[in-house]
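Please look through the sequence and the structure shown here before reading on. The report that follows takes one topic at a time.

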Amino acid sequence: RAAERWAKEGRSADYLLNPGMPLEEAQEVSKALSAEINEIEQSFLNASQKLSNRRINIRNTAIALLMTLTVTSTAMTGALLNALDKSKQSQRKAQEFADVVFEVANDLQKTGDTESLANISENTLFALEKTTRTKRTAYDYINESRAQALKGNVLLANNSHKEAQTAFLAAFVAAKTANNQSPEMTIAQEQYGQAAFWMGKYHQKRHPRIAEDYWSIYRDEYQKLHKDNLENPNFTMELSYALDSLGTIYEGQGEPDKALVYFEDSIRLKDLAAQSGKNNSDWKFESIVTGSRIGNIQVATGKLADAQKTYEASIRDLDELVRNNDSANEWKRQLASLHQLKSRLSVMQGNLESADEEMKKAINRFQEIVSFDTYRTDWREMLAKAHYDAAEVARLQRNPDINKHLLEAEKIISYLSTDGTPPASLRRTKAGILITRALTGKHENKSALFDLAVSELKSIHDEQRKDSHT
């Protein structure tokens with residue numbers, strides 16, 4: 001069937017088998033049934049293998065270049081300029097190089113290496129500036145969208161929210177232009193869906209209904225891709241991510257039953273993708289994340305025993321993944337968050353000893369990743385919140401460690417506030433600290449601490465209401 005479609009579409013490389021399991025399985029079948037393979041099918045397999053070999057060579061070149069990013073960005077810039085300048089002669093080869101560069105960039109995102117990611121986005125955008133708007137192809141707009149999305153992701157990690165919004169919007173506009181220009185291109189549909197994801201990610205907290213609109217585009221694009229390419233597990237997984245995203249919207253809006261439907265459908269798709277036989281640790285990680293979201297729903301609906309089993313299974317599975325990939329700092333962050341969720345659940349169950357133990361594990365994990373990249377303000381903010389949660393557990397235990405955790409949280413908040421007003425989420429933590437100090441301290445000015453906390457929370461509420469109207 002795949003060979004027939006390839007032939008029907010003019011033997012375009014867009015319809016060849018993906019490297020890895022799909023190609024390997026097809027080759028095994030061709031060996032077992034060699035007498036039944038016709039000329040078109042054999043040509044299809046040969047072309048798929050040739051494409052796979054070429055991608056391996058390109059990937060090795062790209063990795064070698066990316067390894068120099070921490071020393072110099074000249075090599076990367078030159079390679080991108082060279083690839084894009086050659087697009088008139090060989091657009092496909094140029095795009096193959098760009099595809100692999102961004103594929104490697106995706107791998108780098110697991111490590112949280114924002115410096116290298118920023119270099120990739122900046123160098124790509126610099127290279128694209130050399131092409132005029134009137135001469136740009138759909139591929140150029142796709143690369144611009146990828147680079148802008150990467151730039152937005154780096155900015156978001158460093159709490160530069162307004163700049164991130166500009167980058168994500170530019171990514172969405174470029175992807176939409178590519179999709180409108182060449183709607184038949186699979187890669188254009190993919191990037192349009194990806195750009196919609198990042199716009200939704202940006203709006204998720206402040207404007208959940210806007211996020212829902214963008215994530216509906218994300219889902220719709222990958223529903224079409226999944227339907228048209230049932231043999232491709234990558235599209236199946238991406239559709240499951242879209243359902244996860246929409247599920248988080250309904251979870252946040254107090255619609256747990258509706259959210260659960262999306263999460264369960266997502267798990268079903270992930271199980272379907274896993275049947276491809278592809279041993280992908282990234283997919284295992286995403287299944288764990290979805291499982292933890294189901295745990296959140298179980299907490300929200302009062303099924304605490306079920307939630308405990310879900311969190312414990314997620315922690316066990318993710319701990320194993322992390323042990324096998326020590327550089328995956330984003331996985332460590334998720335593991336720390338799972339310990340934090342388990343701690344909150346233990347408080348609800350009245351098991352303060354377990355709550356204290358889980359918070360210690362969470363703090364240790366957050367400290368580990370913060371020490372890896374001191375510029376990641378989002379990780380520092382998570383560490384501050386973890387110290388605040390630990391202080392609350394200590395308060396319930398009447399444990400003297402409460403002051404140590406409050407001081408650590410205040411120190412981080414002070415550090416993150418040096419460049420201006422901190423984000424609303426951090427200010428809420430600050431207000432919580434004031435309330436905790438008022439409840440536990442021997443201050444004569446307890447009333448003043450409560451007033452400061454209420455004033456901070458009211459300020460956040462007023463700003464968000466004004467922002468939502470805007």
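## Helix α19

The buried residues of α19 are A424, S425, L426, R427, T429, A431, G432, I433, L434, T436, R437 and A438. Because twelve of the 17 residues of this helix are buried, α19 is largely enclosed by the rest of the structure. Its end C-alpha atoms are 24 Å apart, which agrees with the 24 Å that residues 424-440 should span at 1.5 Å a residue.

## The chain as a whole

The model is a predicted one, and the secondary structure of its protein chain comes to 20 helices and zero strands. Of the 470 residues in the protein chain, 49% are buried, and the chain exposes about 23,800 Å², of which carbon and sulfur atoms supply 50%. Among contacts between residues at least 6 apart in sequence, 65% join residues that are at least 24 apart.

## Helix α17

Helix α17, which covers residues 377-397, has 21 residues and reaches 30 Å from its first C-alpha to its last, close to the 30 Å expected at 1.5 Å a residue. Since 15 of these 21 residues are buried, α17 is largely enclosed by the rest of the structure. The helix is followed by R398, whose phi is positive, near 60°.

## Nonpolar cores

The largest nonpolar core has 39 residues, among which F168, F172, W215, Y218, Y222 and Y250 touch the most other members. At least two residues of this core come from each of α7, α8, α9, α10, α11, α12 and α13, and α11 gives the most, with nine residues. A second, separate core of 25 residues includes I369, W379, A386 and I413.

Y250, leaving aside its neighbours within four places in sequence, is in contact with R209, E212, E255, P256, K258, A259 and Y262. Of these contacts, K258 lies over the face of Y250, at 4.2 Å from the ring centre.

## Aromatic pairs

The count of aromatic pairs comes to ten. In one of them, the rings of F197 and Y218 have their centres 5.4 Å apart and their planes at 55°, so the pair is tilted. This pair links distant parts of the chain, with F197 in helix α9 and Y218 in helix α10, 21 residues apart, and both F197 and Y218 are buried.

Y218 also forms an edge-to-face pair with Y222, at 5.7 Å centre to centre and with 85° between the planes. Being four residues apart in helix α10, Y218 and Y222 are separated by about one helical turn. Ring pairs link F168, F197, W198, W215, Y218, Y222 and F235 into a cluster.

Definitions and conventions
Residues are numbered from 1 along each chain as its sequence is written. This is a predicted model: local features need pLDDT of at least 70, side-chain atom pairs count only at pLDDT 80 or more; totals for chains, interfaces and linings use all residues. Side-chain values use heavy atoms; hydrogens and water are left out. The expected span of a helix is 1.5 Å times one less than its number of residues. Buried means under 20% relative accessible area, exposed over 50%, partly exposed in between (1.4 Å probe, protein chains only). A nonpolar core is a set of buried Ala, Val, Leu, Ile, Met, Phe, Trp, Tyr and Cys residues joined through side-chain atoms within 4.5 Å. Contact means heavy atoms within 4.5 Å. Accessible areas come from the Shrake-Rupley method with a 1.4 Å probe; for residues, only the protein chains shown count as cover. Rings of Phe, Tyr and Trp (its six-membered ring) pair if their centres lie within 6.5 Å; planes under 30 degrees apart count as stacked, over 60 as edge-to-face and the rest as tilted. A charge sits over a ring if NZ of Lys or CZ of Arg is within 6 Å of the ring centre and within 35 degrees of the ring normal.
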